[in-house]
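Thanks for letting me take a few minutes today.

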Amino acid sequence: MDLRHATSADMPFLKALYRSVRAEEFAAVPWPPEQKAAFFDQQFAFQHRHYLAVFPDAHFLVVDCDGEPVGRLYLECSAEQWHIIDIGLLPEWRGRGMGSALLSAIQREAARAGATAVLLSVEQHNARAQALYRNLGFRVVQDGGSHIGMAWPCPGGPASQAV
C-alpha cells in the first residue's frame, strides 16, 4: 500500500470511489442508474470544492495497491489537532485491514509529530466505521445531526486528559 498526492488525472477514479461509497445509501432510491451517476458526480464536485476551500493545507492522497488506486485519504495535519477529513476504499478493498493500517499509521505519525489529538467525523448510520474507530481508541466527542465527531487523544498529550 502506497500513498500519493492526488492529481487532476485521478478525478475519474475519485468520482467512481465516491459513487461506490454512496451506492448502498441510495440503493433503494428508484432512480435510473444514469440519474444516480449524475447526482453522485454533482455531489462529488460540491464536496471536492468544499474540502479545497475549508482545508486548503490538507493532503489529498490516493491510496494505491500494486500501482492501482484503491482509495483516498484526505488529511489535515498542519494544526495541533490532526483532522482525518475523509477516508474511503473501494468495496472490494474494505474489510482487509487496510483502513486499520492507514488509521494506525496516522495515529503513530500524529503522536510522533507532537499533535494533541486526531479528529474525525463519521455518519450516524455507518456502524461499521464507528466500530473500527472505537477499536482503534477513538471516542465520541460530539453526537448530533447526521454525523458523530470522534477523537483519539495522542498518548501523553494534554488532549489525552481533555478529550
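Let me begin with Arg112, which counts as exposed because its relative accessibility is 65%, and please keep in mind that what we are looking at is a predicted model. Arg112 forms a salt bridge with Glu109, with the closest N and O atoms 2.6 Å apart, and both residues lie in helix α3, 3 residues apart, which is about one turn of the helix. Glu109 itself is partly exposed, at a relative accessible area of 34%.

How many salt bridges does a search of the whole structure find? The search finds 5, and another of them joins the side chains of Arg72 and Asp86, again given as N to O, at 2.7 Å. Arg72 lies in strand β3 and Asp86 in strand β4, so this pair ties together parts that are 14 residues apart in sequence. Here Arg72 counts as buried, at 4% relative accessibility, and Asp86 is buried too, with a relative accessible area of 14%.

Now to the sheet, where 7 strands form an open arrangement in the order β1-β2-β3-β4-β5-β7-β6, with mixed pairing. The edge strands, each pairing on one side only, are β1, residues 2–5, and β6, residues 139–144. β1 pairs with β2 in the antiparallel sense over 4 bridges, and Arg4 stands opposite Val62 in β2.

Finally, helix α3, residues 98–112, lies across several strands, including β4, to which it runs at about 165 degrees, while helix α4 packs on the sheet and touches β4, β5, β6 and β7.

Terms used
Residues numbered from 1 in each chain as written. Predicted model: local features only at pLDDT ≥ 70, side-chain atom pairs only at ≥ 80, totals over all residues. Heavy atoms only, no water. Pairing = 2+ DSSP bridges. Helix = DSSP H or I, 4+ residues; strand = E, 2+ residues; numbered from the N terminus. Contact = heavy atoms within 4.5 Å. Axes fitted to C-alpha atoms, helices over the stretch in contact; angles between N-to-C directions. Salt bridge = Lys/Arg side-chain N within 4 Å of Asp/Glu carboxyl O. Buried < 20%, exposed > 50% of the residue type's maximum accessible area, 1.4 Å probe, protein only.
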